[in-house]
Amino acid sequence: PAPRLVTVGGAITEVVYALGAESQLVGTDTTSLFPAAAQQTAKVGYMRQLSAEGVLSLKPDAVIASSEAGPPVVIDQLRSAGVKVELIKADHSWDEVRAKVQAVGRAARREAQARDLQAKLDAEWSAVQKRVASSAKPKPRALFILSHGGSPMVAGTGTAADALIRYAGGVNAVTSFAGYRPWTAEALAEAAPDVLLNTTQGIEAMG
């Protein structure tokens, strides 16, 4: 029988659908929102707050997750229960994308489809990078606001938002710290961004 998969991380779940392996997907985490069909899958909770019992109740053969998934004790419990767990290092690089495609291909036993998908994605990535390299200068200063709940925070270096800004041809207006931190209105004004970025989830959360 085809392996039963649980994916933890929205991008990993997207790869499952891109490989046509969604029939093998028995569970996802709450960050798995795309494609829309992923929202109808059984949910195992937020990626950093997983429950071994919840995951094991879905009887997966393999769990593919970001290295940000946890807590670590739950990952250990899943492995002890005989579930194959593969963690992909989260460094927001193109190699991370490749690693996710390869990991899902192995776990789903769709290695050939994974190679085809990777070739397609590499071609698209190369085309985008050429377009960005030839874009107008100076690069726009962008500031990403994370506001899915609680106090809004801004994205510093080493974050997915920072990578998104750089890959799109912009400059992160916040480079004085790594990760996400709350900021004052004065600090936001001093950063002088040309563009403010948020997510539809963030806008909905703030009303």
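The side chains of Thr13 and Thr7 are joined by a polar contact of 2.7 Å. A polar contact is a pair of N or O atoms within 3.5 Å; within protein, one must be able to donate a hydrogen and the other to accept it, and residues adjacent in sequence count only if both atoms are side-chain atoms. The model is predicted: local features need pLDDT of at least 70, side-chain atom pairs count only at pLDDT 80 or more, and totals for chains, interfaces and linings use all residues. Residues are numbered from 1 along each chain as its sequence is written, and side-chain values use heavy atoms, with hydrogens and water left out.

Thr13 lies in helix α1 and Gln118 in helix α5. Helices are DSSP runs (H or I, at least four residues), numbered from the N terminus. The table gives the relative accessible area of each residue; buried means under 20%, with a 1.4 Å probe and protein chains only.

| Residue | Relative accessible area | State |
|---|---|---|
| Thr13 | 0% | buried |
| Gln118 | 9% | buried |

Contact means heavy atoms within 4.5 Å. Leaving aside neighbours within four places in sequence, Thr13 is in contact with Thr7, Leu25, Thr28, Ser32 and Ala38. Gln118, not counting residues up to four places away in sequence, touches Trp94, Val97, Arg98 and Val101.

Helix α5 covers residues 111-133; at 1.5 Å a residue its 23 residues should span 33 Å, and its end C-alpha atoms are 32 Å apart, which agrees. The expected span is 1.5 Å times one less than the number of residues. The buried residues of α5 are Ala114, Leu117, Gln118, Leu121 and Val132. Their cover includes α1 (10-18), α4 (94-108) and α6 (160-167).

Methods:
Helix = DSSP H or I, 4+ residues; strand = E, 2+ residues; numbered from the N terminus. Buried < 20%, exposed > 50% of the residue type's maximum accessible area, 1.4 Å probe, protein only.
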